[in-house]
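Q: Could you take a close look at one part of this structure and describe its surroundings with care?

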Amino acid sequence: MALMPKRAKHRKSQRGRIRGNATRGNTVVFGDFGLQAMQPGWVSAQTIEAGRVAASQYLRNEGRLYIRVFPHKPITSIPLETRMGKGKGEPEYWAAVIKPGTVLYEISGVTEEAARMCMARLAHKMPIRVRFVKRKTA
Amino acid sequence: MAEVLKVAARETTGKQHIKRLRIAGLVPAVLYGHGEQNVNLAVADDDLAAMLRRHARVVELKGAVNEKALVRDMQWDVYGIGVLHVDFSRISEHERVSVEVPIEVRGDAPGVKEGGMVEVIVHTVEIECEAEAIPDKIEINVKELRLGGEIHARDVALPSGVLMITEGDVLLLHCVKPKVMGEVAPAEGAVAEPEIIGRKPGDEEEEAAQK
């Protein structure tokens with residue numbers, strides 16, 4: 001089963017708008033290096049998982065990967081070749097709402113070079129522009 | 001020898017004025033401490049960047065004020081690229097201050113050869129020392145860290161004149177087997193749905209019948 005909440009208050013949610021920048025979750029906290037979003041967007045549970053797989057294949061049991069985002073938002077869609085109307089579509093997948101500045105993944109226990117290589121592989125999976133960041137010291 | 005930083009007095013406060021100040025290449029700052037009046041300052045962002053490159057913690061302020069100060073706090077923008085604001089705290093000669101200092105892992109742990117990895121739990125420690133002698137980092141040697149071994153704050157060797165403020169039994173790092181990242185099985189057929197809070201099992205069937 002893909003990443004999704006265990007319990008939810010409502011089955012469907014409104015789309016909403018992504019306004020402003022991330023004021024929380026915008027620094028590297030757990031690891032030494034991170035991948036920071038530079039654009040707003042939705043990152044689906046499938047994409048988050050694809051990133052995790054790409055990272056774990058590169059890391060091969062070295063270091064540790066932290067996933068800093070979780071898909072809380074149900075995204076609905078209307079089936080193909082369906083006439084308009086008849087209400088809102090059914091939940092299709094779950095997505096994380098990403099504001100610019102959000103740190104998506106973090107890595108620890110590897111060299112900077114290895115972390116950069118790993119994050120580059122991960123960045124290719126992302127639907128938004130991202131950048132490599134380091135932990136801020138002092 | 002402390003880093004010299006040119007500062008100008010800042011008369012204006014408020015969002016609009018500060019915005020203009022930043023566009024002009026200045027960073028707002030404040031100087032406080034020792035029970036004296038706070039002073040609003042402005043620092044050139046190039047000078048501040050140079051100070052950051054040299055990892056200076058204690059600076060000699062010149063210009064609007066001529067005092068020695070400790071960089072107490074810094075506010076960064078969303079991406080952590082630009083400095084938004086700096087807090088300077090007045091210090092006197094030989095004054096002891098408590099600051100957060102990052103830790104750095106040195107050496108190769110034998111536990112890594114045994115199939116483990118060194119996991120840092122706490123990345124900074126709080127220490128007390130003379131303001132002039134704040135270390136850039138606290139080095140922790142892991143040459144004797146075997147698999148399952150732990151290093152607590154009390155185990156850290158500190159430079160002379162430095163006192164650990166962080167409680168002794170705080171775990172800083174340990175050598176553990178890498179956690180296998182939980183595999184997420186692909187969803188089969190229809191998307192599984194989470195439990196809806198406050199909804200009984202029969203409700204869904206009723207809704208479907210109404211449609």
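The answer below begins with one arginine and then turns to a helix and a strand residue in the other chain.

A: In this predicted model, R10(B) sits in the loop of chain B between β1 (3-9) and α1 (15-23). R10(B) is buried yet forms no salt bridge, and the nearest side chain of opposite charge, that of D87(B), is 8.2 Å away. A polar atom of the R10(B) side chain does, however, lie 2.9 Å from the backbone oxygen of A29(B). Apart from neighbours within four places in sequence, the residues in contact with R10(B) are I18(B), L21(B), P28(B), A29(B), N40(B), L41(B), A42(B) and H85(B).

In chain A, helix α1 runs over residues 45-59, and because its 15 residues at 1.5 Å a residue should span 21 Å, the 21 Å between its end C-alpha atoms agrees with that expectation. Among the buried residues of α1(A) are A45(A), I48(A), E49(A), R52(A) and L59(A), and what covers the buried residues of this helix includes β3 (41-44), β4 (64-67), β6 (90-98), β7 (103-108) and α2 (112-123) of chain A. Just after α1(A), R60(A) adopts a positive phi of about 45°.

Q36(A), in strand β2 (residues 33-37) of chain A, is buried because its relative accessible area is 1%, where the cut-off is under 20%. A polar atom of the Q36(A) side chain lies 3.1 Å from the backbone oxygen of G101(A). Leaving out residues up to four places away in sequence, Q36(A) touches several residues of chain A, including N26(A), T102(A), R129(A) and V133(A), as well as V78(B) and Y79(B).

How values were computed:
Residues numbered from 1 in each chain as written. Chains lettered and ligands numbered in written order. Predicted model: local features only at pLDDT ≥ 70, side-chain atom pairs only at ≥ 80, totals over all residues. Heavy atoms only, no water. Helix = DSSP H or I, 4+ residues; strand = E, 2+ residues; numbered from the N terminus. Buried < 20%, exposed > 50% of the residue type's maximum accessible area, 1.4 Å probe, protein only. Lys, Arg positive; Asp, Glu negative; His and termini not counted. Salt bridge = Lys/Arg side-chain N within 4 Å of Asp/Glu carboxyl O. Polar contact = N/O pair within 3.5 Å; in protein donor to acceptor, adjacent residues only side chain to side chain. Contact = heavy atoms within 4.5 Å. Expected span 1.5 Å × (residues − 1).
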